[in-house]
Amino acid sequence: MPADDDRAALNRYVRERLQREAREHGRGYQADMSRRTGLSQAHIANIMNRDYQGVGLEATGAFGRAWGMTSSELIETAR
């Protein structure tokens, strides 16, 4: 389990990357990520739009796999 600092960095990284990719890809991005991660579109929207909501380890792993990254690569990138 990542340390608290790593968890905060992961939350920020995942949220910022989702927001950036949504702007770049436009309409349908959340539906595409939902299919790729197995997470609901509502959950993805909440992660993107609610700063106070953490991403969670299971969701972080799902996004990492969708982006072709291992958990350790995701943590290193987030730092």
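Buried means under 20% relative accessible area, exposed over 50% and partly exposed in between, using a 1.4 Å probe and protein chains only. Helices here are DSSP runs (H or I, at least four residues), numbered from the N terminus. After α2 comes Gly38, with a positive phi near 85°.

Keep in mind that this is a predicted model, where local features need pLDDT of at least 70, side-chain atom pairs count only at pLDDT 80 or more, and totals for chains, interfaces and linings use all residues. Residues are numbered from 1 along each chain as its sequence is written, and side-chain values use heavy atoms, with hydrogens and water left out.

## Helix α4 and its cover

Now for α4, which spans residues 57-66 and is mostly covered, with seven of its ten residues buried. Those are Ala59, Thr60, Gly61, Ala62, Phe63, Gly64 and Ala66. Among the elements covering them are α1, α2 (29-37), α3 (41-49) and α5 (71-78). Gly68 follows α4, and its phi is positive too, near 75°.

## How α2 meets α4

Two packed helices are described by the angle between their axes and the distance between the axes. For α2 and α4, the angle is about 100° and the axes are 9 Å apart; axes are lines fitted to C-alpha atoms, for helices over the stretch in contact, and angles run from 0 to 180 degrees between N-to-C directions. So α2 is roughly perpendicular to α4 (the label covers 65 to 115 degrees).

Where they touch, Met33, Arg36 and Thr37 of α2 meet Ala62, Phe63 and Ala66 of α4. Contact means heavy atoms within 4.5 Å.

## The nonpolar core

A nonpolar core is a set of buried Ala, Val, Leu, Ile, Met, Phe, Trp, Tyr and Cys residues joined through side-chain atoms within 4.5 Å. The largest one has 22 residues, and Tyr13, Val14, Leu18, Met33, Phe63 and Trp67 touch the most other members. Each of α1, α2, α3, α4 and α5 supplies at least two residues, and α1 gives the largest share, six.

Setting aside neighbours within four places in sequence, Tyr13 is in contact with Trp67, Met69, Leu74, Thr77 and Ala78.

## A buried Glu21

Glu21 sits in helix α1 (residues 4-25). Its relative accessibility is 9%, so Glu21 counts as buried.

Note on methods. Parallel < 35°, antiparallel > 145°, perpendicular 65-115°, else oblique.
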